[in-house]
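Trainee: Please take a close look at one part, the nonpolar core, and then say what surrounds it.

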Amino acid sequence: MAGKRMTIMGTRHVVAAGHYLAAHAAFEILEAGGNAIDAGVAAGLAIGVLQTDKVNIGGVAPQIIYTAKDRKVHSIDGLGVWPTAVTPDYFRDNHGGKIPQGVLRCIVPAAPDAWITALSRFGTMSFGEVAEAAIRFARDGFPMHPMMSKFITERVDMYKRWPSSKKVFLPGGKPPQVGQVFVQSELAATLQYMADQERRAARKGRKAELQAARDAFYKGDIARTVADWIT
């Protein structure tokens, strides 16, 4: 028996993503002339805004990329590393071999570097272009979906533990309800800053421009803010 939903088919391109807005963001990139990597990065950045219950902009972004021209598979690990101060014996000697809840679980954010590495090696568009949708979803908000609302509701105490998290994820002191427009203005500002720094490096070449976006996260005000918060 045929299903009631239409089968997704296309003659030019198609995108599958964990959230329909991420798929739409990637599809817009393809329609604008970007390649599959540009679209994939756009979707990945959007997912970091739309599904923070699963992944986030400062998290991990492992990627497997197949290039049809040379029929090769490429891997970008996209996994953060422990800070250099964490020796192999640190948790054994100080926490009974366990990693406690809190900042000690943090790794160096890997996703921004991984996405920009993919753009640099295989993409054609700028960081600002592929991040445009993610910035908009964070700045203007998106309708909260059931999965993320349930995740936050079940972990209210965890979000309350950190004032900065409570401010974003418990607007008005309560978990966002399904359909409520959920805004992440500081996240939008972070991504916009990266795009702005890339734009300021214009005319230095695409590699230098992407490096400027990367440096904006890892060597500029963003890095200092993260480090100050951790310490």
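**The nonpolar core and its surroundings**

Mentor: The largest nonpolar core has 56 residues, and those with the most contacts inside it are Leu45, Val49 and Phe127. A nonpolar core here is a set of buried Ala, Val, Leu, Ile, Met, Phe, Trp, Tyr and Cys residues joined through side-chain atoms within 4.5 Å; buried means under 20% relative accessible area, exposed over 50%, and partly exposed in between, with a 1.4 Å probe and protein chains only. Two or more residues of this core come from each of α1 (20–31), α2 (36–50), α4 (111–122), α5 (127–140), α6 (146–153), α7 (156–161), α9 (185–200) and α10 (206–218). The largest share, 10 residues, is given by α2. Helices (H or I, at least four residues) are DSSP runs, numbered from the N terminus.

This is a predicted model, in which local features need pLDDT of at least 70 and side-chain atom pairs count only at pLDDT 80 or more, while totals for chains, interfaces and linings use all residues. Residues are numbered from 1 along each chain as its sequence is written, and side-chain values use heavy atoms, with hydrogens and water left out.

Leu45 touches Ile57, Trp115, Phe127, Val130, Ala131 and Ala134, not counting residues up to four places away in sequence. Contact means heavy atoms within 4.5 Å.

His19 lies in the segment before α1. His19 is buried, with a relative accessible area of 4%. Leaving out residues up to four places away in sequence, His19 touches Ile47, Leu50, Gln51 and His145. Its side chain also reaches the backbone nitrogen of Leu21 at 3.0 Å.

Pro146 is in helix α6. Pro146 and Gln177 are 31 residues apart in sequence, and their C-alpha atoms are 8.0 Å apart in space.

Next, the open space. The largest pocket holds about 2300 Å³. Among its 48 lining residues, Asn56, Gly58, Cys106, Ser165 and Trp229 are the closest to its centre. The elements that give two or more residues to this lining are α7, α8 (163–169), α9, α10 and α11 (221–230), and the largest share, seven residues, comes from α11. By type, the lining of the largest pocket divides into 29 nonpolar, 13 polar and six charged residues.

Key:
1 Å grid on protein atoms, 1.4 Å probe; cavity = no way out; pocket = protein on both sides within 12 Å on 5 of 7 lines; lining within 4 Å. Points joined across faces, edges and corners; volume = space filled by probe spheres on them. Nonpolar A, V, L, I, M, F, W, Y, C, P; charged D, E, K, R; others polar. Polar contact = N/O pair within 3.5 Å; in protein donor to acceptor, adjacent residues only side chain to side chain.
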